[in-house]
Every structure is written in structure tokens, then in C-alpha cells.
Amino acid sequence: MHEEVIGLIPAAGKGVRLGLPYPKELYPIISNNHYKPIAQFVVQNLTEAGLKHVVFVVNETKHQLIGYFGGGHRFDCNISYVVQEPRTNIHGSTSPGLAQALDSAYHLTKGKTVFFGMADTIMQPKDAFDRAYKAAKAEDDVILALWTTERPEKFGMVRYESDGRVIEIVDKPKQTELTEMWGCIIWRPRFTEHLHDCVFEQGISDFAQIMNSAISTGMQFRAVHMASGNYIDLGTYEEIMELDRRYREED
């Protein structure tokens, strides 16, 4: 890689919907009689793409997550932690803390190309980041890795042209003709500055709004569809059961 790159994983949510006695990012996946917490999957996605520095954005209660991942040496990378400070002026967003969580690491991501993935998801193929990055052009500011979904109301849906140019992000629509959602994102320094300005200077909290405003100002967004594989989001007990079922079938 000719650019300076860094991984970014937001993990500051409270996980109140699941009510687990530990951070949901440590939910155990048992495969081949080995334990692996769900957050380890995205770390491996990042190291698969050659990244050596990964940042977790956490809240003040995530001691167990920090204890498990430590400095990252067991995972062939260096891991840093940023604590997301509470904000009381976040309103009207379907993902109230995401944009602010991403910007919390601005002092580490500034000037770098950022590989962003969620801590409570499993993405296949394992080299999704690597595929998306290799498909990018030098002029692209943001690269969205896309998966087909039958649950658009849960995700950020992407409208794009046949050449891969992204036109619009439609966040969690109740009804839509769109079928592809973004699952992870790579962005370059120009978008890092745009995100920081929106969050820190303008107080904008909606990540989809921030992306759409970047598109409207002329930033180049590229869609890269993951034709094979799947994307699993650990958000409800139903999704946990589906996750367990899939991995039992693989064993």
C-alpha cells in the first residue's frame, strides 16, 4: 500500500437490546471447537488486507473487550483504543452515535486512509476489504463494499450507476427498490476532514446525511459489490440464532 492506512472499529454501543453480561462484541462464535468473539472477525478482515494498526472506539465500560484484544500482538497488528465521550445534542439519527464514534478517532485517522468495519458483524468473503481497496481508483474518496440484503430497513442502502459511481445513500428505508447495502467502507483523508467538520463543527449526527452531503459536494464514492459471501449483523436474538445455526452447519 502506498497510502498510510488505519483500521477503525466502533464498539462504543451499550448493547442494551441483547442484555448480555459482557460486551456484545465478545459474543462467542464456536467453530471447530474453538472460541472466537465476533469482533475478532472484523479484525481479521482488516489484517487480511494488510493493515497493521487498528483502532477500537469504545465506551468507559468495555474493559473486557480491551482485556481480550490487548495490544493486538496475538492478532498480527497493533491495537489502539479511543473512548467515545457522551454527547447530549445528538438528535434525529437512525444511528445516533455512529458518526460521532468515527470522529472520536480523528486524532489518529487524520491524513490516513481509513478502513472502517463494524464490530458486531461477520463479513464474507474474508478478503472483503482487500477486494474493495483493489477495485478503487486513485480519484475515489470513499469506497463502499456492498452486499445484497432482503432487510433494507436495517441497513444503509446504496443507489449507484452501472460504472460503480454512488449517487445516494438511503438509510434504513421502510420501502425501497434498492437491494444492496453497504457493509464496510474505505475512505481517504478528504472524507475524514468532511466527517470531522460535519460532526465537530456543524453538529450533524446522521452518518447517511454526512455521506450524502459529501456526494453533493463532488466527492467520488465508488460501490464494489461482493457477489459471493454474506453479511451477518448481530443485533437481535433472532440474528444470534441464525449466526449459531450457520456456524454449526459449517463444523
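Q: What is the mean pLDDT of the chain?
A: This is a predicted model: local features need pLDDT of at least 70, side-chain atom pairs count only at pLDDT 80 or more, and totals for chains, interfaces and linings use all residues. pLDDT is the predictor's confidence in each residue, from 0 to 100. In this chain, 85% of the residues reach 70 or more. The mean pLDDT is 89.

Q: At what angle do helix α6 and helix α7 pack?
A: Helices (H or I, at least four residues) and strands (E, at least two) are DSSP runs, numbered from the N terminus. Axes are lines fitted to C-alpha atoms, for helices over the stretch in contact, and angles run from 0 to 180 degrees between N-to-C directions. Helix α6 covers residues 189-201 and helix α7 covers residues 207-216, with axes 10 Å apart. Their angle is about 125°.

Q: How many residues of the contact of α6 with α7 are nonpolar?
A: From α6 come Phe 191, His 194, Leu 195, Cys 198 and Val 199, and from α7 come Phe 207, Ile 210, Met 211, Ser 213 and Ala 214. Ala, Val, Leu, Ile, Met, Phe, Trp, Tyr, Cys and Pro count as nonpolar, Asp, Glu, Lys and Arg as charged, and the others, Gly among them, as polar. Two are polar and none is charged. The nonpolar number is eight.

Q: Which residues are buried in helix α5?
A: Buried means under 20% relative accessible area, exposed over 50%, and partly exposed in between (1.4 Å probe, protein chains only). Helix α5 spans residues 128-135. Its buried residues pack against elements including α1 (38-48), β8 (142-148) and β12 (221-225). They are Ala 128, Phe 129, Asp 130, Ala 132 and Tyr 133.

Q: Which peptide bond is cis, with omega near 15°?
A: Look at the loop between β7 and α5, where Pro 125 is found. The cis bond runs from Gln 124 to Pro 125.

Q: Is Asp 76 buried or exposed?
A: Asp 76 sits in the loop between α2 (63-69) and β5 (78-83). Its phi is near 65°, positive in a residue other than glycine. With a relative accessible area of 51%, Asp 76 is exposed.

Q: What is the phi of Lys 172?
A: Lys 172 lies in the loop between β10 (166-171) and β11. At 28% relative accessibility, Lys 172 is partly exposed. Though not a glycine, Lys 172 has a positive phi of about 50°.

Q: What distance separates the C-alpha atoms of Val 5 and Lys 52?
A: Val 5 is in strand β1 (residues 5-11) and is buried, at 17% relative accessible area. Not counting residues up to four places away in sequence, Val 5 touches Leu 51, Thr 113 and Phe 115. Val 5 and Lys 52 are 47 residues apart along the chain, yet the distance between their C-alpha atoms is 8.3 Å.

Methods:
Residues are numbered from 1 along each chain as its sequence is written. Side-chain values use heavy atoms; hydrogens and water are left out. Contact means heavy atoms within 4.5 Å.
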